[in-house]
Amino acid sequence: MKKMKNLLFMLVMLALVIFTAACGGQQSNETPTEGEPPADQATELEGDVIVDGSGTVYPLMARIAEEYMTTAQENVSVQVGRAGSSAGFKKFIPGELDFSDASRPIKDEEVAQLAEKGMKMGENVLEIKLAYDGLTMVINKENTWATAMTKDEIVNMFISGKIKADDKVLWSDIRPEWPAEEVKFFGPNENHGTYEFFFEKILDEQPLVKTVNLQQEYSTLVDLVSKDKNAIAFFGYGYYANNTDKLQAVNVDFGNGPVAPGLETIGEDLDYAGFTRPVFTYLNVDYAKEKPQVLDYAKFVVENAGKFAGETGFAPMTEETLKGYLDQLNAIK
């Protein structure tokens, strides 16, 4: 009887050993912090991230969003619009967006409107410089005369009444040896930061020629210029870089000879500095605190903006600048 009990005890103990091994073997001595996943388990997020604003910034932000949804968080939907910088801020201020892209800095009146909503720059809203863009003057492929112009010639031809009282400017009014044919002016409309940058910074807030044809869609501008031998338009370098088969860029002389816009020349301290501008995205920090996917995407943006800038027609921001934004985002709790 005693032998039978000993045998039964040994069988029970053996079963317990086998059961313990099947349930995970050795146990870790570390206890995960409450609410956090184990160290070897990646955090999976879900939900939406809403971005709108600048059409100029759109290719860069859309490329980053594509990469994020493909390689980082498959269950997060990043929706990127391109209504224009001003139109974006009109949605961002009342809280309709997580991010507002802009190809010009936020204006004082927009900051004041945010303040009325209890939103303070640097506290509830973070301004992030993503990259550098070069304002590019584009002409038709058949235009053989205006391939290089001085900055003053470009500025003067776009200012109302500067060359002709009726604004029906001929190419020969700019240089006598050029054709006596009317210049057809094109550009993005007032919804776009590119328009505002050109009007405020390049033209010094002097009105554009009355004959200018302003459009909402950049693809429309590309099409119009590609079909008109006498056309000239202004927009961001990226849209030119993606349409070199249809357009040619004007080399701009800022005082030391003509400079072609390009990733090697666009920058605040480079040869194309006269037409260089930073482009931005603005983050709703309150939403980043409330929605983990928004904060995670913000970090991904600043970690990858430099990687995808050149690919989408932008000169990269300095690594030091982007690292500074990442430090600020890591401090958000």
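Helices (H or I, at least four residues) and strands (E, at least two) are DSSP runs, numbered from the N terminus. By that count the protein has twelve helices and 13 strands. This is a predicted model, in which local features need pLDDT of at least 70 and side-chain atom pairs count only at pLDDT 80 or more, while totals for chains, interfaces and linings use all residues. Residues are numbered from 1 along each chain as its sequence is written, and side-chain values use heavy atoms, with hydrogens and water left out.

**Whole protein**
- Of the 333 residues, 46% are buried, meaning under 20% relative accessible area (1.4 Å probe, protein chains only).
- Among contacts (heavy atoms within 4.5 Å) between residues at least 6 apart in sequence, 74% join residues at least 24 apart.

**Helix α11**
- The 18 residues of α11 reach 25 Å from first C-alpha to last, close to the 26 Å expected at 1.5 Å a residue, the expected span being 1.5 Å times one less than the number of residues.
- At Glu303, α11 bends by about 40°, the angle between axes fitted to the seven residues ending there and the seven starting there.
- Buried residues of α11 include Val294, Leu295, Ala298, Val302 and Asn304.

**Packing of α2 and α11**
- Helix α2 (residues 58-72) packs against α11 (residues 292-309) at about 115°, with axes 9 Å apart; axes are lines fitted to C-alpha atoms over the stretch in contact, and angles run from 0 to 180 degrees between N-to-C directions.
- Contact residues include Leu60, Ile64 and Tyr68 of α2, and Tyr297, Phe300 and Phe308 of α11.
- Tyr297, Phe300 and Phe308 of α11 are also among its buried residues.

Conventions:
Buried means under 20% relative accessible area, exposed over 50%, partly exposed in between (1.4 Å probe, protein chains only).
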